[in-house]
Amino acid sequence: MSTADNCPSADSCSTQPEANASIGRMNRPEELNRNMDVSTFVDSNGGLIDRAIYNEPAIYAQEQRRIFARSWLFLAHTSQFKKPGDFFTTFMGEDPIIVTMDKTKKIRAYLNSCRHRGVRLCRADAGATKMFTCSYHGWSFDLAGALKTVPNEKAYPEDFDKNKWSLIEVPNVQEYKGLIFGNWDHEAEPLEEALGDMRYYMDAMLDRDPEGTEVMGGVMKWELDGNWKLAAEQFATDWYHVNMSHASALMVLSPTGKGPKPEIAATPGRQFVSENGHGAGFPTHPKSRFDARPVHEYYDYEMLRERLGDAAVEGPMTTGHATVFPNFSYLPVNGSIRVWHPKGPNKIEVWAWVLVDKSMPDDVKDAQRLYNLRTFGPSGIFEADDGENWSEIQAISGGFVTNRVPLNFQMGIGSEREDGVYPGKTSELYSDAAGRAFYKHWAKIMNTPAWHERNK
Ligand code: FES
Ligand SMILES: [Fe+2]
C-alpha cells in the first residue's frame with residue numbers, strides 16, 4: 001500500500017513533508033524528554049521483570065516516545081474502506097489518528113488534531129466525508145490532508161502559506177493481508193520485515209480463504225484497569241493460565257460437563273518466539289477444529305491442509321493466541337482481533353473487531369460473530385477472567401514493597417529452538433519464552449533513540 005514516495009497526486013501530497021516538518025519545530029527543554037536506561041528493569045536471560053515498568057509514569061511517557069512513536073501499529077482493516085472519503089478514527093499510542101481513503105483510493109492516516117488550535121478534528125468513530133471541517137473555527141482539510149479553507153484568511157500575514165498547515169500525515173502506512181499498520185518512522189524497516197516469521201502464524205488466520213478476510217459490524221470498545229503490556233504479553237506467551245483462570249468457562253463449554261482436565265499443563269503445543277517481540281502459542285492436534293459448530297462444518301479441512309500445510313492446520317489455524325509487538329493481538333478460533341490502546345500507565349482501552357473469511361455464507365459469519373461475543377466479547381465468559389487478572393496485578397503494583405518484588409518469567413528458559421516444523425524459534429506451549437522476548441525487545445527499543453531524536 002501507500003508510502004509518501006508513492007504519492008499519486010503530486011499536488012496534494014507535496015504539502016505533507018512541509019507540514020510534517022512542523023513536528024518538534026519548537027525547541028523544548030531536555031527535561032521534558034529525558035529518557036532513562038531501562039535495562040535494569042528487564043532481566044530476559046534470568047526471567048525477571050521489575051514491576052515498575054507497569055506503573056511508573058516516566059516509563060510510560062518514554063514508551064510514547066520510543067515504542068508507540070516508532071513501531072508498526074495496527075490501524076484498521078481494509079474492509080472498513082470501500083470508497084473515497086470513508087474514514088475511521090483510532091489511536092497510535094495516545095496520538096489520535098484519522099484513517100481515510102483518498103480520491104485515488106489510497107489509504108492514508110493523519111494526526112486527528114486541527115492545525116489551528118489543536119482541537120480533535122474528527123470526532124466520529126467512522127463514516128464518510130468529502131472534507132474534515134474543524135468544529136472550533138472552521139478550518140477545513142481535504143482527503144489528502146491539505147488545508148483548503150481558512151475563514152477570514154485575509155487577516156493572516158502575507159507569508160501565511162496553507163501548504164505549511166496541512167494535516168500531519170503518518171508517513172508510513174502499509175498493509176499485510178487486509179491488516180493496515182502505520183508507523184511514524186519514515187525510515188522504519190518495511191512491515192513485512194518487521195513481522196518476519198510471524199507472517200506464517202498470521203497467515204493461518206488471514207489466508208484460509210483465497211478471497212481474504214473482512215471485519216463484521218463495528219468495533220467493541222471497553223476499558224480495563226491495568227497496563228497495556230499485561231494484556232499484550234499474555235496474548236504473546238500465556239497458555240499457562242487457561243485451565244486455571246478459565247476453569248468455570250471451560251466447564252460451561254464442556255459437552256460432558258466435566259470441564260478442563262485436572263492438570264494445569266495438559267496440552268501439547270508450541271509457542272513461537274520472535275526477536276522482534278511478537279509471540280504466538282497454540283495447542284497441536286491432528287484433529288484441531290473450530291469451536292463454533294457452523295464454522296467447523298463449513299470448513300473443508302483437507303483443502304485447508306493443501307492451502308496452508310499440515311502444521312498450520314494442526315496448530316496455529318484454530319485455537320491459540322498471538323501478539324504482534326507492541327499492542328495488536330488476535331485469537332484465530334473466534335476471529336477476535338484487538339488493539340490494547342494505552343490510556344495512561346494504569347488503564348487500557350480494548351478495541352476489538354470480529355474477523356471472518358470473506359467467502360463464508362452469512363449464517364456462518366454470524367455464528368462466528370456470536371461465538372466471538374460469547375467467549376471474548378466485552379462480557380464474554382473468557383474475556384472477563386483475563387481482565388480481572390490484569391486489574392488485580394495493577395491494583396497492588398503501587399505498594400512500595402510490592403513494587404520492589406520482581407515477577408517470574410522463568411518457565412522454559414533455554415527451551416527456545418528451531419523445531420523443524422514451525423518457522424522461526426519455538427518453545428513449549430507452556431513457557432514464558434515469548435514473554436521474555438517481548439520484554440527484551442521492549443527494553444532494546446526503549447534504550448534506542450527514535451527517528452525524532454536523530455540528528456539533534
Ligand atoms: S482549532 Fe480548528 S479551526 Fe480553530
Ligand atoms: Fe485467557
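Two strands are taken to pair if DSSP finds at least two bridges between them. By this criterion, β1 and strand β2 (residues 48-49) of the predicted model pair in the antiparallel sense, over two bridges. Within this pairing, Val42 has Ile49 of β2 as its bridge partner. The two strands belong to an open sheet of three strands, ordered β1-β2-β20, in which the pairing is antiparallel. Because β1 (42-43) and β20 (407-408) each have a single partner strand, they stand at the edges of the sheet, and one side of each is left without a neighbour there.

The mean pLDDT of the chain is 94, and 96% of its residues reach 70 or more.

The domain assignment of the chain gives domain 1 (73-187) and domain 2 (192-453). The C-alpha centres of the two domains lie 31 Å apart. To the contact between them, domain 1 contributes 13 residues and domain 2 contributes 15 residues.

The largest nonpolar core has 112 residues. Those with the most contacts inside this core are Leu75, Ile97, Ile98, Val99 and Phe181. Helix α16 (residues 433-446) gives the most to the core, with eight residues. Since domain 1 (73-187) and domain 2 (192-453) both give residues to this core, it lies between them.

A second open sheet was examined in detail. It has four strands in the order β6-β5-β4-β7, with antiparallel pairing. Its edges are formed by β6 (107-111) and β7 (126-128); each has a single partner strand, so one side of each is left without a neighbour in the sheet. Neighbouring strands of this sheet are turned by 30° against each other on average, direction ignored.

Strand β4 (residues 86-92) and strand β5 (residues 95-101) run antiparallel and are joined by six bridges. Across this pairing, Phe88 stands opposite Val99 in β5, and the bridge partner of Thr89 in β5 is Ile98. The hairpin of β4 and β5 has two residues between the strands, and in this hairpin Gly93 takes a positive phi near 65°. β5 also pairs with β6 in the antiparallel sense, over five bridges. In that pairing, Val99 stands opposite Ala109 in β6.

Five of the seven residues of β5 are buried, so the strand is largely enclosed by the rest of the structure. Ile97 touches Leu75, Thr89, Thr90, Phe91, Met92, Ala109, Tyr110, Leu111, Asn112 and Val170, when residues up to four places away in sequence are not counted. Both Leu75 and Ile97 are among the residues with the most contacts inside the largest nonpolar core.

The buried residues of α6 are Met198, Tyr200, Tyr201, Met202, Ala204, Met205 and Leu206.

Lys105 is found in the loop between β5 and β6 and has a positive phi of about 75° although it is not a glycine. The hairpin of β5 and β6 has five residues between the strands. Lys105 counts as exposed because it has 12 C-beta neighbours inside 10 Å, the limit for this class being 12 or fewer. Lys177, which is found in the loop between β11 (172-176) and β12 (179-183), is likewise not a glycine and has a positive phi of about 45°. With 13 C-beta neighbours inside 10 Å, Lys177 counts as partly exposed. The peptide bond from Phe325 to Pro326 is cis, with omega near 5°. Pro326 is placed in the loop between β16 (321-324) and β17 (328-331).

Glu297 lies in helix α10 (residues 293-298). Glu297 is exposed, because 11 other C-beta atoms are within 10 Å. The C-alpha atoms of Glu297 and Val364 are separated by 9.2 Å, and the two residues are 67 residues apart along the chain.

Note on methods: Residues are numbered from 1 along each chain as its sequence is written. Chains are lettered from A and ligands numbered from 1 in the order in which they are written. This is a predicted model: local features need pLDDT of at least 70, side-chain atom pairs count only at pLDDT 80 or more; totals for chains, interfaces and linings use all residues. A residue is buried if 20 or more other C-beta atoms lie within 10 Å of its own, exposed if 12 or fewer, and partly exposed in between; C-beta atoms are placed from the backbone. Axes are lines fitted to C-alpha atoms, for helices over the stretch in contact, and angles run from 0 to 180 degrees between N-to-C directions. A nonpolar core is a set of buried Ala, Val, Leu, Ile, Met, Phe, Trp, Tyr and Cys residues joined through C-beta atoms within 7 Å. Domain bounds come from an automatic or database domain assignment. Two residues are in contact if their C-beta atoms, placed from the backbone, lie within 7 Å. pLDDT is the predictor's confidence in each residue, from 0 to 100.
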